[in-house]
Every structure is written in C-alpha cells, then in structure tokens.
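The tour below moves from one selection to the next, with a short note on what is found at each stop.

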Amino acid sequence: MNDLVGQSGLGPVSRESTASIIARQLRNAITQGILTPGTQLGETELANRLKVSRGPLREAMQRLVQEGLLRSEHNRGLFVIELDADDVRDIYLARSAIERAAVATICERDPAGTARRLEKAHRPMVTAARRGDLKALSDADLAFHQLLVEESGSPRLRRMHDTLLVETRMCIAALEQTCQVPEATVSEHGAMVEAIRDRDLERLDKLITAHTNDALSRLAPG
C-alpha cells in the first residue's frame, strides 16, 4: 500500500483548505443575508476583512460561482446572485426532483429507520409552530428536508440539494412575510414521515408536489 501511495503521488489527507473555509464563510454570509442579493464582492476589502491572502479568496469565490451563488460580470467583478420568480420556480423544480429520487431510494433501504429519524427532526417544527416562530419553523423545515435527502445515502443527491438549500434560504425572508400557515406546514411534514414509514411512494409524490406548489404560490405567485 505504501508503495502504491508513493508511486501514485497520493499522501496523507490534509486538513480543510483555507479556500474551503473561506467559501463556507461566504456561503453562510449569503445564506444569512449578510451579503445581500446584488452585493458586489470587492477582493481587496474581503481579503482585509477575512485576514487572508487573495489566492485562496479567489479560489473560494470561484467555487461559489460554480455553485451558482455568485455571478461574474466582465470588467465589473463578482456579485451575489439575485433570484427572480423564474429562479425560484427552477429551484423548487430541482428540489422536488431530488427529493423524489431520495424518497424512492429510502423506501428501498430502511424506511422505518428513516421515519424514526425524520420524526425526531419534525419535533422542532411542532415546537416552533406552537410558539408562532416562523423563522424557527422555516429553519426546522429546511433541516427536515436536508435530513430527508441525506437519508438516501447518495452523496451526489446531497451535494446538489445542499446548494439548492442555500438558494432556498435566500428566499426565506420573502417566505416569512407571506401567509404561511404553521399548522399546515407541520401536518404536511408529519404526513411525509407516515408515508415513508408505509413505503407509500404515490402519497409521497403527492405530498412533495403539494409542498412545492404551496411554497411557489407564496414565493412566486402567478
């Protein structure tokens, strides 16, 4: 094995790179609205603010360009993306496709185990709804869906879904200002848990469609 490592140029896995750390910080700043849609990212200012050199900063920003969270304008620089109604529809179209693939896989693997874990993830939604805390409800909602896709065991589905969740979080402010019905959201996700436990793919398909349509009716009406 050591000979193979030496011949292939492989070596011990290093710690997380500086570029990865920077990318995560920028991603979180976009998610939390610290870097708002349309904000231009100044390389010099960011490097000074983060106390990093420009090399890893450029690499980090290019990662976010590839993820679709930053856009590059010729001779102008990099900007945080702005999401219009068509973008929102596309985000939810992609999310629903990934989640359908995830539940199909879950129903073939360990639906009972997944249902138990999702039931636990569902409890913070119930608590938030009782308190009328829409932000906590939205956070718990996204955590539920993140776990749902993780339970598929597919790293590629999870990777794609994680990027879509960042974009979804950019829509949360708009979602919280619309007529979200906490009790309906809680009931909808509880029904998902039951459908997974029952391996009821037909019902799951209807629930995912209803969840998507409900979000779109508030985020991108018309």
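Begin by selecting Tyr 92, Arg 95, Ser 96, Glu 99, His 211 and Thr 212, the residues that line the largest cavity; a cavity here is a set of points, on a 1 Å grid over the protein atoms alone, where a 1.4 Å probe fits but cannot get out, and lining residues have an atom within 4 Å of a point. Colour the helices α5 (85-108) and α11 (201-219) next, as these are the elements that give two or more residues to that lining, with α5 providing the largest share, 4 residues. By class, the lining has 1 nonpolar, 3 polar and 2 charged residues, where Ala, Val, Leu, Ile, Met, Phe, Trp, Tyr, Cys and Pro count as nonpolar, Asp, Glu, Lys and Arg as charged, and the others, Gly among them, as polar. The volume of the largest cavity is about 30 Å³, taken as the space filled by probe spheres set on the points, which are joined across faces, edges and corners.

This is a predicted model, in which local features need pLDDT of at least 70 and side-chain atom pairs count only at pLDDT 80 or more, while totals for chains, interfaces and linings use all residues. Residues are numbered from 1 along each chain as its sequence is written, and side-chain values use heavy atoms, with hydrogens and water left out.

Turn now to the open sheet of 3 strands, which has the order β1-β3-β2 with antiparallel pairing. Because β1 and β2 stand at the edges, each with a single partner strand, one side of each is left without a neighbour in the sheet. Helices (H or I, at least four residues) and strands (E, at least two) are DSSP runs numbered from the N terminus, and two strands pair if DSSP finds at least two bridges between them.

Select β1 (residues 40-41) with β3 (residues 77-80), which are joined by 2 bridges, and find Gln 40 opposite Phe 79. In the hairpin of β2 and β3, with 3 residues between the strands, centre on Asn 75, which takes a positive phi near 65 degrees.

Finish at helix α8 (residues 155-170), whose 16 residues reach 23 Å from first C-alpha to last, close to the 22 Å expected at 1.5 Å a residue, the expected span being 1.5 Å times one less than the number of residues. Among its buried residues are Leu 157, His 161, Leu 164 and Met 170, buried meaning under 20% relative accessible area (1.4 Å probe, protein chains only).

Methods
Buried means under 20% relative accessible area, exposed over 50%, partly exposed in between (1.4 Å probe, protein chains only). On a 1 Å grid over the protein atoms alone, a cavity is a set of points where a 1.4 Å probe fits but cannot get out, and a pocket is an open set with protein on both sides within 12 Å along at least five of seven lines; lining residues have an atom within 4 Å of a point.
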